[in-house]
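Subject: Structure for your review

Dear colleague,

Please find below the structure that I am handing over to you. I would be grateful if you would read it alongside the notes that come after it.

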Amino acid sequence: MEPSTSRSRTGGGGGSGGREDCWSEGATETLIEAWGDRYVSVKGGNLRQKDWKEVADEVNSRRSGGPKKTDIQCKNRIDTLKKKYKVEKAKPPPSKWQFYRRLDSLISSATTASGAAGSVTLTVRPKSKSKSKSESQSKSLLLKAAEELSGGSDSSWFDQRAVKKQHRMEDVGCSDGAACRELARAILKFVEIYEKVESSKQIQMVELEKQRMEFTKELEFERMNMFMAAQLEMEKKKSLKKRAKDASGSG
């Protein structure tokens, strides 16, 4: 039997009445507490059916007598309370509704938790004047390395990585020229390795193309041989038929 949908008064008044889904103030407070912890834990999202059953079990365990509440009745009651909360929030403060403060606290906490989960805090450190000289030296070294390596036809790859390295170095804050020179040498070494890898790839591509062309030639040669062999076979058969026909005619 499907439980009836809750349509009790939004004010959460007394629990007397003949309907099984009537909610008293005490039962409503228990429902809000049982639902609120789970609502905040899911950061204002939707509760699963399992969660609603747990809420109903918690509400029923704290009630003394009367029909037990189902998970659907609990969900419908919360929906009714949330609608009432929106109406009260739109009114000029303060609200006289007895459940407004608790619902406002829970919904605000869930909204704050949801926003904090998707936010990223960035901390910008102020640069001191004593580091300006070393940073300018590091930038000049990086620019010099970029000029030496950008003589090729495609330097966009190095330009992007040089900028990233420069930002990283600014975050770390080089305090002496030796560290900056070491970083520049590491960049040059990395670029040299990358060029070797790219050169090896090009050589492999050329070798693969050669092998493909040779295989194509061999395949074409085999096809021509098969074609010639078939032609010769057909000619032999024609010759034999002609001889047989001539022999029968002369006999």
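The notes below go from the overall fold to the core, and then to individual helices.

Please bear in mind that this is a predicted model.

Overall fold

The protein contains seven helices and zero strands, and its pattern along the sequence reads α-α-α-α-α-α-α. Of its 251 residues, 23% are buried.

In soluble globular proteins, nonpolar side chains tend to be buried together. The largest nonpolar core here has 23 residues, and the members that touch the most others are Trp 35, Val 55 and Leu 103. At least two residues of this core come from each of α1 (25–41), α2 (49–62), α3 (71–90) and α4 (100–117). The helix that gives the most is α1, with six residues.

Leaving aside residues up to four places away in sequence, Leu 103 touches Ile 32, Trp 35, Leu 81, Tyr 85 and Trp 97.

Which residues of α2 are buried? They are Asp 51, Trp 52, Val 55, Ala 56, Val 59 and Asn 60. The elements that cover the buried residues of α2 include α1 and α3.

The axes of α2 and α3 lie 8 Å apart, and the two helices pack at an angle of about 95°. Angles of 65 to 115 degrees count as roughly perpendicular, and α2 and α3 are therefore roughly perpendicular to each other. On the α2 side, the contact is made by Gln 49, Trp 52, Lys 53, Val 55 and Ala 56; on the α3 side, by Asp 71, Cys 74, Lys 75 and Ile 78. Sorted by class, this contact of α2 with α3 has five nonpolar, one polar and three charged residues.

Helix α7

Helix α7 covers residues 177–250, which is 74 residues. From its first C-alpha to its last, α7 reaches 110 Å, close to the 110 Å expected at 1.5 Å a residue. Its buried residues are Cys 180, Ala 184, Ile 187 and Val 191.

Yours sincerely,
A colleague

Terms used:
Residues numbered from 1 in each chain as written. Predicted model: local features only at pLDDT ≥ 70, side-chain atom pairs only at ≥ 80, totals over all residues. Heavy atoms only, no water. Core = buried A, V, L, I, M, F, W, Y, C linked by side-chain atoms within 4.5 Å. Buried < 20%, exposed > 50% of the residue type's maximum accessible area, 1.4 Å probe, protein only. Helix = DSSP H or I, 4+ residues; strand = E, 2+ residues; numbered from the N terminus. Contact = heavy atoms within 4.5 Å. Axes fitted to C-alpha atoms, helices over the stretch in contact; angles between N-to-C directions. Parallel < 35°, antiparallel > 145°, perpendicular 65-115°, else oblique. Nonpolar A, V, L, I, M, F, W, Y, C, P; charged D, E, K, R; others polar. Expected span 1.5 Å × (residues − 1).
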